[in-house]
Number of protein chains: 2
Amino acid sequence: MGARMCVAVNPNLVAMEYAVRGPIPMRAAELEAAGRRTIPCNIGNPQALGQAPISFYRQVISLLEDPGRLGRERRLRATSGVAPGDLVDEYVLDVAEGMLARMRTGMGAYTESKGPRFIREAVAAYIDRRDALGPGAVPLADPEMIFLTNGASEGAMFVLEILIGGPDDGVMIPIPQYPLYSAAIRRCGGAQVDYHPDEERGWALERHVLEASYAEASARGVKVKAIVVINPGNPTGAILDLASITDVIDFAEAHGLVIIADEVYQHNVYGGEFISFARVLAERPVGLFSLHSTSKGFYGECGHRGGYLEVRNPPQIEGHELSFVDVLLKRASVSLCPNTVGQAMTYLMVAEPREGSSPWARFVAERDAVLAALFEKATMIREAFGQMRGVECFGPVGAMYLFPRLSGLPEGTTDFDYCMALLEETGLCTVNGSGFHQAPGTSHLRIAFLPPKELLAEVLPRWIAFHNRYVG
Amino acid sequence: MGARMCVAVNPNLVAMEYAVRGPIPMRAAELEAAGRRTIPCNIGNPQALGQAPISFYRQVISLLEDPGRLGRERRLRATSGVAPGDLVDEYVLDVAEGMLARMRTGMGAYTESKGPRFIREAVAAYIDRRDALGPGAVPLADPEMIFLTNGASEGAMFVLEILIGGPDDGVMIPIPQYPLYSAAIRRCGGAQVDYHPDEERGWALERHVLEASYAEASARGVKVKAIVVINPGNPTGAILDLASITDVIDFAEAHGLVIIADEVYQHNVYGGEFISFARVLAERPVGLFSLHSTSKGFYGECGHRGGYLEVRNPPQIEGHELSFVDVLLKRASVSLCPNTVGQAMTYLMVAEPREGSSPWARFVAERDAVLAALFEKATMIREAFGQMRGVECFGPVGAMYLFPRLSGLPEGTTDFDYCMALLEETGLCTVNGSGFHQAPGTSHLRIAFLPPKELLAEVLPRWIAFHNRYVG
């Protein structure tokens with residue numbers, strides 16, 4: 001066997017970091033492989049922790065995959081011996097049949113690169129409903145400005161990849177942030193520009209903070225092109241109020257920036273209200289890229305990698321007769337199309353069963369049970385923080401995460417050390433605050449409030465004991 | 001309303017081209033929207049042209065999506081009134097149940113970034129079977145070197161994105177080529193280095209052609225890092241023989257290049273034999289990235305975006321204690337994981353129903369019918385070429401495409417003009433040879449041999465008439 005080859009590669013890819021799947025989860029995987037039980041709270045992956053899927057969604061998808069079942073299920077409904085509980089609802093059959101008719105080429109064919117028009121129309125109608133925009137209001141969402149994607153990550157990466165043309169192209173991101181953004185900026189070779197929401201005011205945003213960050217970046221030669229906002233926040237769970245959103249839009253308009261609004265947790269709000277950027281933007285001519293996903297909310301369909309990107313006021317491309325949307329479409333075309341099941345899941349997410357239809361009551365019960373359980377679990381964990389010395393957690397509960405601040409860690413140790421020790425001792429897999437970047441001199445961790453209540457009831461006392469011993 | 005924003009963007013994304021979804025298919029979409037019937041032969045998308053999915057695959061996936069059906073289907077099997085044709089086979093239920101047990105977290109959870117181990121093991125076993133490597137043979141495929149992906153495109157993009165660090169980093173691609181490669185190289189800002197298989201010898205490859213291309217690139221300061229080979233060829237349909245494959249490996253070893261082997265058409269071979277690069281590579285220490293997909297073959301499950309990337313001899317990263325596979329894993333992690341249904345489809349692709357099991361006969365019949373129909377349709381089209389003045393088509397039939405050479409186009413017209421006129425006149429949507437790059441001074445088109453036979457029987461005479469009038 002000859003010598004091993006050695007190659008120089010893209011330094012951006014080597015330097016890129018992604019803590020949500022970094023050293024701590026990797027150590028958890030080793031422990032699991034060695035037979036230890038671990039509790040994966042490092043990532044918002046509810047079904048991995050036992051959250052059941054919404055039945056209606058899965059019944060429809062199951063039919064889409066095997067269309068021959070449509071006739072079969074109708075025959076079974078007419079067969080006397082079949083138990084009523086084993087019959088598939090007529091309404092479910094009709095929904096699946098209607099989707100297949102509009103999909104035309106089924107689940108096994110490439111679709112349009114941005115997804116079939118009927119799904120984009122349903123997304124647009126959902127956005128208008130969500131933002132309470134009636135036919136009189138303008139502007140309505142435009143199906144031609146909507147791109148279906150493999151999860152929200154793909155949409156974010158498309159936009160950043162197009163925007164960033166060189167090392168001086170800057171993108172503002174909140175600190176702390178979801179590391180997709182720092183990783184994607186690094187990968188594209190751009191400049192990360194931090195801004196700092198106010199932790200003690202529940203991570204509120206103020207214009208002067210944005211201006212200071214912009215000025216600092218400009219002074220070092222960075223040309224800021226976009227600002228990323230995550231609402232509800234990840235990792236913080238913070239929910240932006242109208243004043244914060246207005247400040248961001250004013251700021252973006254003043255400096256000619258586009259806004260990338262990561263709104264994937266729009267259905268995970270417990271206290272406070274979700275207000276979309278599109279709704280506040282109204283007719284103002286600021287470029288907006290809004291992301292949503294089937295992975296979060298009460299559905300938690302992470303594995304299906306569904307999502308969409310909605311564009312408003314796409315900028316023109318300097319020096320070309322092209323709009324940003326033309327380039328986006330070209331980028332999406334090279335990947336051919338997002339996966340069809342994720343597309344179908346996106347359709348179902350935005351087109352609920354008709355109120356009063358036969359699956360309706362069960363759908364509502366399942367949805368409400370998931371959301372109630374999430375809040376209950378977040379509350380259990382917050383209460384445990386009250387018994388841990390030096391732990392504080394600010395703001396209302398949103399998204400799927402708590403991001404407590406840790407004070408009094410032993411000299412010379414970091415939140416990374418803390419999280420690693422917590423994993424070794426309790427099996428609880430969290431992510432150190434430094435993995436999301438954080439204000440200098442502070443320590444945090446992020447925990448997804450997803451484990452079953454019984455499991456939390458068992459592990460939280462052990463965490464409290466670990467903590468108070470660790471901080472000494 | 002204010003003035004429209006204008007931004008400078010990444011010039012690589014603006015310059016990137018992708019003819020398979022370029023102006024001709026866009027014009028076809030306009031014609032469709034205006035009520036004209038068009039025949040989409042611009043892309044290998046069999047189910048869009050009526051090819052039925054393999055029943056076994058879909059029955060299993062349908063159960064995976066709605067696991068509650070496992071118990072239900074068993075109850076139905078024990079219910080007297082249900083018609084035998086409406087029962088789901090016990091074997092199918094067992095396969096789905098076994099997959100869910102090994103998947104552990106179902107279809108709705110993120111999986112490991114490279115896919116669950118049991119699927120990677122099944123892929124490795126498939127590769128060893130395909131390459132006739134028994135337990136005595138070395139090296140066997142390694143499940144840890146296999147990454148499941150959203151289609152093969154994602155795998156190709158991951159590898160190129162890591163490899164290309166600057167404008168002098170070169171990647172050799174065959175001319176003509178599948179435009180994913182030229183687009184991905186452009187997107188990463190690297191240097192495209194063309195090499196020219198010998199059309200009249202059925203697109204065979206020879207070492208001196210590769211050396212000439214390498215020398216030319218080196219002379220202009222390009223550092224060649226990789227060579228892409230597409231086998232069976234796209235757009236050419238060519239099938240590489242052992243001598244050509246050996247030449248590529250010798251060449252790559254001599255210059256320290258890695259090989260990217262796009263082998264997505266490995267089940268689409270009509271005449272000749274598919275020989276994998278892994279098999280010929282054996283123990284030679286050349287880095288190999290081999291791509292496969294659920295989109296092609298007899299399954300044609302394009303919409304599900306399943307596929308895998310297999311790595312052999314991953315190079316070390318210059319200046320770091322990292323292997324190429326470490327960086328790949330990081331890149332895959334940022335996208336979290338490929339879609340689970342595509343993963344399941346990949347598993348089914350590599351793990352056929354057991355010979356003699358109850359679904360076996362139907363599986364074989366469906367598989368063989370698809371492959372036979374594809375060859376029959378390719379033959380019909382090739383015969384039509386015989387009646388078109390100046391049209392020649394070289395080599396055996398492979399992949400899903402024919403790539404005839406057109407001579408005698410009217411002065412001042414190109415193959416793009418020809419394909420556009422063909423679309424307007426007959427509704428047949430093909431792609432001009434220039435969309436794949438082609439030897440200077442030649443003209444071609446690519447047609448996917450996918451339309452139903454009746455449709456071909458109707459449109460081919462009209463094409464012949466159009467052609468002979470067009471070339472005059």
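This is a predicted model: local features need pLDDT of at least 70, side-chain atom pairs count only at pLDDT 80 or more; totals for chains, interfaces and linings use all residues.

Visitor: Why is the relation between chain A and chain B called a two-fold axis?

Guide: Chain B can be laid on chain A by a turn of 180° with a shift of 0.0 Å along the axis, and the RMSD is then 0.0 Å. That is the relation of a two-fold axis. The contacts fit the picture: 100% of the contact residues of chain B recur in chain A, so the same surface serves both copies.

Visitor: Which residue of chain B comes closest to the rotation axis?

Guide: B:Ser62 does, with its C-alpha at 2.2 Å.

Visitor: How do you know that chain A agrees with a compact globule?

Guide: For 472 residues, such a globule would have a radius of gyration near 23 Å; chain A has 23 Å, and therefore the two agree. Along its principal axes, the C-alpha trace of chain A spans about 75 × 65 × 60 Å.

Visitor: What share of the residues in chain A is called buried?

Guide: The cut-off is 20 or more other C-beta atoms within 10 Å of a residue's own. By that test, 55% of the 472 residues in chain A are buried. Among contacts in chain A with a separation of 6 or more, 74% join residues 24 or more positions apart.

Visitor: And what is chain A built from?

Guide: Chain A has 16 helices and 18 strands. The domain assignment gives domain 1 (11–50 + 363–471) and domain 2 (117–350). Their C-alpha centres lie 26 Å apart.

Visitor: How do you know that domain 1 and domain 2 of chain A are in contact?

Guide: The test is C-beta atoms within 7 Å. By that test, 35 residues of domain 1 of chain A are in contact with 34 residues of domain 2 of chain A. On the domain 1 side, α1 (11–15), α14 (360–385), β13 (397–398) and β14 (401–402) of chain A each supply at least two residues. α14(A) gives the most, with five residues.

Notes:
Residues are numbered from 1 along each chain as its sequence is written. Chains are lettered from A and ligands numbered from 1 in the order in which they are written. Domain bounds come from an automatic or database domain assignment. Two residues are in contact if their C-beta atoms, placed from the backbone, lie within 7 Å. Helices (H or I, at least four residues) and strands (E, at least two) are DSSP runs, numbered from the N terminus. Copies are superposed by least squares on the C-alpha atoms of residues with pLDDT of at least 70 in both. The radius of gyration is taken over C-alpha atoms; the globule rule is 2.2 Å times the number of residues to the power 0.38. A residue is buried if 20 or more other C-beta atoms lie within 10 Å of its own, exposed if 12 or fewer, and partly exposed in between; C-beta atoms are placed from the backbone.
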